[in-house]
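Hi,

Here is the model I promised to pass on.

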Amino acid sequence: DDPSIYEVIKTPMRDAEGNIIGVLGMGRNIQARKDTEARLRDATEQLELALMGADLGRWDHDLSVEKGYYLDERSCAMLGRDPLESTHGRAWGHLIHPDDLPGTLDAMRAHLSGDLPAYEAEYRARHTAGHWVWLGNRGKVVQVNEHGKPARMVGTLMDITKRKRVEGELLATQAELQ
């Protein structure tokens, strides 16, 4: 009546002539592992739904390699890129507008040095159609190496182009009124 899941391994037992004379089996309860896997699956699905609902893209950055920055399919779509590009690593910062790069680098350095608990930046990124898209970017270090140095970051991207356009219009209207 045990509802647990067991992993069972069996192997034939042979005599000196190679004839099978029995079966040797070992089993172990793996219910705790299966329960943990199910919770992880649920958490992953909930995260994916939250990202979809907020219309966020994801990125993952292996800091140990130059081309270790990966965008997910939604991030690629924000920039007009083929979803298959999500499997290609790239250098971090290569799509960022040159005017926005210094502030973005400062924010990244501040987080990597431990001065800020998270990385946050707003910048323009190049769309494949040639225009610039405003992105809100947030992330944080999730792994450190054996020396305690940042090894991996993950984060989200949000297209904030419309918000930036409205802010610009409000500033222009405010300037006209003054």
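Leaving out neighbours within four places in sequence, Y123 is in contact with Y69, I96, D100, T104, V133, W134, L135, N137 and L157, contact being heavy atoms within 4.5 Å. Before going on: this is a predicted model, where local features need pLDDT of at least 70 and side-chain atom pairs count only at pLDDT 80 or more, while totals for chains, interfaces and linings use all residues. Residues are numbered from 1 along each chain as its sequence is written, and side-chain values use heavy atoms, with hydrogens and water left out.

Y123 also turns up in the largest nonpolar core, which has 20 residues; Y119, Y123, L135 and L157 touch the most other members. (A nonpolar core is a set of buried Ala, Val, Leu, Ile, Met, Phe, Trp, Tyr and Cys residues joined through side-chain atoms within 4.5 Å; buried is under 20% relative accessible area, exposed over 50%, partly exposed in between, with a 1.4 Å probe and protein chains only.) Two or more residues each come from β4 (69-71), α2 (73-78), α3 (101-112), β5 (119-126), β6 (132-144) and β7 (150-159). β5 gives the largest share, four residues. Helices (H or I, at least four residues) and strands (E, at least two) are DSSP runs, numbered from the N terminus.

**H127**

H127 is buried at 15% relative accessible area, and its side chain reaches the backbone nitrogen of A129 at 3.0 Å. A polar atom of that H127 side chain also lies 3.3 Å from the backbone nitrogen of G80. Not counting residues up to four places away in sequence, H127 touches M78, L79, G80 and V133.

**Salt bridges**

There are 13 salt bridges in the structure, each a side-chain nitrogen of Lys or Arg within 4 Å of a carboxyl oxygen of Asp or Glu.

- R152 with D60: closest N and O atoms 2.5 Å apart. R152 is in β7 and D60 in β3 (residues 57-62), so the pair ties together parts 92 residues apart in sequence.
- K34 with E37: closest N and O atoms 3.6 Å apart. Both lie in α1 (residues 31-53), three residues apart, about one turn of the helix.
- R90 with E85: closest N and O atoms 3.4 Å apart. R90 is buried at 8% relative accessible area, whereas E85 is partly exposed at 22%.
- E122, R163, K164 and E167: linked in a network of salt bridges.

Cheers

Conventions. Polar contact = N/O pair within 3.5 Å; in protein donor to acceptor, adjacent residues only side chain to side chain.
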